[in-house]
Each structure stands twice: as C-alpha cells, then as structure tokens.
Amino acid sequence: MDTHKINTAPIHNLQITDVPWHRLTTPFGRGTELPQMISDGEYKRIANLIEHQGTLWQVTPWVLLFLLRDIRTRRPDRITLSELELYHAVVGAIEMVQEQADSQQSVASLTMLLDEKYLWSENGDPEEDELEWEEEEARGYDSVAFWSYYDYSYQLLKQALPDFESMYQHNSDSEIAEALSELVQKLQKF
C-alpha cells in the first residue's frame, strides 16, 4: 500500500478548525462533532465514526491526522486502551483491503480531499443527505477518493510507528503495552 509518501507541507500547519467537518461524512451522518470529541478524548465514540464494519469514511484520515499529531506531544503513559482500540480498528479495515493496493489510485495529496467536488453540501439537510447516499456514487465516494481514505490513513499510521514503538518501550501498564505491541507488529508488517 506504500504507493507514495504524504506531502506533509500542506498539512503541517493545518489546524483542526481548517477542516470542514460539517461537510465530511461518517457512517451516521456528518462529522460536525468530531473536533469536540477529539478535544474531549472520546475515543470510543470517535472509533464508531471513523470505522464501521470494515469501512473507513471521509473523516477517517483527518481524525487520525489530529490524534496522531497529539500523541507526539504526550507522555507515553498517557495513551488509553480505548484510543489504541480506535487505531486497531482502522488497521483492521486497512488489512482487509491491503491486497487491492497495487491496483488502486489515490488523490495526489491529502488536502485534495478537501476540494469542493468531494465535500457534501454546506447546509447539511438530512433529507438532502439521504438523497445523496441514494446516488450511484455519493459525493466523496468515487473510487479514487474512497481509496484515498484508506491510503492516507495507512500513511499517517505508518508515520506514527516510531511514536507507538516509543510508547510501547515506556509503558508499564501490561494491557496497554500488549495493545501497543500488537499495533506495532501490524504496522511493521505493512
């Protein structure tokens, strides 16, 4: 799946408020509440919105971008089991589609996924959204964009591997250390 490296220049200074969460989808609607959930560390709720039944969503790489940026600033013992379960869920979804990697194409940069052609309507009318889902190809879910959610999620997690390795080496909680060890092993296999 290592088709290209993330160009970090455009996303390096990106702030959580720069992402139009209200125009990105989850399995249960729009991602409007995600910035607050990220701030509050509501990892179980977040996990349900970024991965559902092996599927990643428009919000997934953006959530990972900010969560993984945050772990670099925390002490290794500040990671929780529910946060690790979130990463495991995304890795599991990526593992399910990994054999397709060679035949898929992604957008050229993560920020391209914020182009108008991929974003849902500004107003967020539930009836309009329902009609959009009934379209043959909902906005932001053409094959290239959809694959990009997996590819960029993979790239972000792979970039965070050294952070996870450090957390594993410096974490004394056996349950968390085991979850970190499993995550590190899966990411090393990619």
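**Helix packing and the nonpolar core**

Colleague: Which residues is Ser153 in contact with, leaving aside its neighbours within four places in sequence?

Modeller: Ser153 is in contact with Leu56, Thr60, Pro61, Leu64, Val90, Ile94 and Ser148, once neighbours within four places in sequence are set aside. Contact here means heavy atoms within 4.5 Å. This is a predicted model, in which local features need pLDDT of at least 70 and side-chain atom pairs count only at pLDDT 80 or more, while totals for chains, interfaces and linings use all residues. Residues are numbered from 1 along each chain as its sequence is written, and side-chain values use heavy atoms, with hydrogens and water left out.

Colleague: Where is Ser153 found, and is Ser153 buried or exposed?

Modeller: Ser153 is found in helix α7; helices are DSSP runs of H or I with at least four residues, numbered from the N terminus. Ser153 counts as buried, at 0% relative accessibility. Buried means under 20% relative accessible area, exposed over 50%, and partly exposed in between, with a 1.4 Å probe and protein chains only.

Colleague: And Asp151, buried or exposed?

Modeller: Asp151 is buried, with a relative accessible area of 0%. Asp151 is also found in helix α7. Its C-alpha atom is separated by 9.6 Å from that of Leu110, 41 residues apart along the chain.

Colleague: Turning to α4, which of its residues are buried?

Modeller: The buried residues of α4 are Thr60, Pro61, Trp62, Val63, Leu64, Leu65, Phe66, Leu67, Leu68 and Ile71. Because 10 of the 12 residues are buried, α4 is largely enclosed by the rest of the structure.

Colleague: What does Trp62 touch?

Modeller: Not counting residues up to four places away in sequence, Trp62 touches Leu14, Val19, Trp21, Leu24, Leu110, Thr111, Leu113 and Leu114.

Colleague: How many residues has the largest nonpolar core?

Modeller: The largest nonpolar core has 62 residues, and those with the most contacts inside it are Trp62, Tyr87, Leu157 and Phe164. Such a core is a set of buried Ala, Val, Leu, Ile, Met, Phe, Trp, Tyr and Cys residues joined through side-chain atoms within 4.5 Å. Helices that each supply at least two residues of this core include α4 (60-71), α7 (143-159) and α8 (161-169).

Colleague: At roughly what angle do α3 and α5 cross?

Modeller: The axes of α3 (residues 43-50) and α5 (residues 81-97) cross at roughly 10° and come within 8 Å. That makes α3 roughly parallel to α5, a term for angles under 35 degrees. The axes are lines fitted to C-alpha atoms over the stretch in contact, with angles running from 0 to 180 degrees between N-to-C directions.

Terms used: Parallel < 35°, antiparallel > 145°, perpendicular 65-115°, else oblique.
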